[in-house]
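The sequence and structure are shown first.

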Amino acid sequence: MPGEPVKPRGHDAVSSQTGGTLPQASTAEDIAAFVAEARALSPHAPGAKGRLIFALDATMSRQPTWDMACALQADMFREVAAIGSLDIRLVYYRGLNECRATGWISDSAKLATLMSKIDCRGGDTQIGKVLSDVRREAVASGVRAVVFVGDAMEEKVDELCAKAGELGMLKVPVFVFQEGADPVAEQAFREIARLTGGAWCRFDPGAAAQLRELLRAAAAYAAGGREALLKLAKSASGAAKLIGQMK
């Protein structure tokens, strides 16, 4: 099926339809060039299609939330129907050094089918690879926002912060939704959100309604920007939580 996730090819690569190894740490000149190019391709321009990267921890502890996300992902498309269109790129990691990504998907049924074929497997977190994939896509085709759902962080926080800082320069906010109360994860997740101009929120295990509200809010931002999120915040608590943290 077109858009099927494929296997990674390198140590820090997220595999996708376009393939290839993602760029490593950047120099100041590299970052300046990325910012200029991203602005030229700005997804924030009026009438531009919203692009959202939906990143999920698919390690073994995440199976209940993965199933929940499968059931709720269509709500993200429905939320933006009146605002505009939305493309979603699914990125997930699991198992031993496995991190995969789909192409851009504009059909909620297709995304649901792809997600239903994925099972969670034990392994360490690979958040750095997710952030690298976001940067590459932001430069290549424009990314309005990122949603990350996870419960743990087992990487070097300084390296994650460096990658998050680059996304902040590219104006790509990361909305981090944490399940559980792991303090190490919370510290890292909050900093990623702060550095990117995004937001951090905790949701309770099994709280489908709570996660639904947060995903709807992130989708509204991806499709319509801050104005759409402010409008939704008048009637939805999830949107109000996000807008309250964003710079």
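The protein chain contains eight helices and six strands, taken as DSSP runs numbered from the N terminus (helices: H or I, at least four residues; strands: E, at least two). Their order from the N terminus is α-β-α-β-β-α-α-β-α-β-α-β-α-α. This is a predicted model, in which local features need pLDDT of at least 70 and side-chain atom pairs pLDDT 80 or more, whereas totals for chains, interfaces and linings use all residues. Residues are numbered from 1 along each chain as its sequence is written, and side-chain values use heavy atoms, without hydrogens and water.

A nonpolar core is a set of buried Ala, Val, Leu, Ile, Met, Phe, Trp, Tyr and Cys residues joined through side-chain atoms within 4.5 Å. Two such cores are listed below.

| Core | Residues in core | Members include |
|---|---|---|
| Largest nonpolar core | 47 residues | Phe54, Trp66, Met115 |
| Another core, apart from it | 29 residues | Cys99, Met153, Leu170, Ala185 |

Not counting residues up to four places away in sequence, Leu242 touches (heavy atoms within 4.5 Å) Phe175, Phe177, Ala199, Cys201, Leu214, Ala217, Ala218 and Leu229.

Ala112 belongs to helix 3 (residues 108-116) and counts as partly exposed because its relative accessibility is 25%. Ala112 and Leu72, 40 residues apart in sequence, are separated by 9.2 Å, C-alpha to C-alpha.

How values were computed
Buried means under 20% relative accessible area, exposed over 50%, partly exposed in between (1.4 Å probe, protein chains only).
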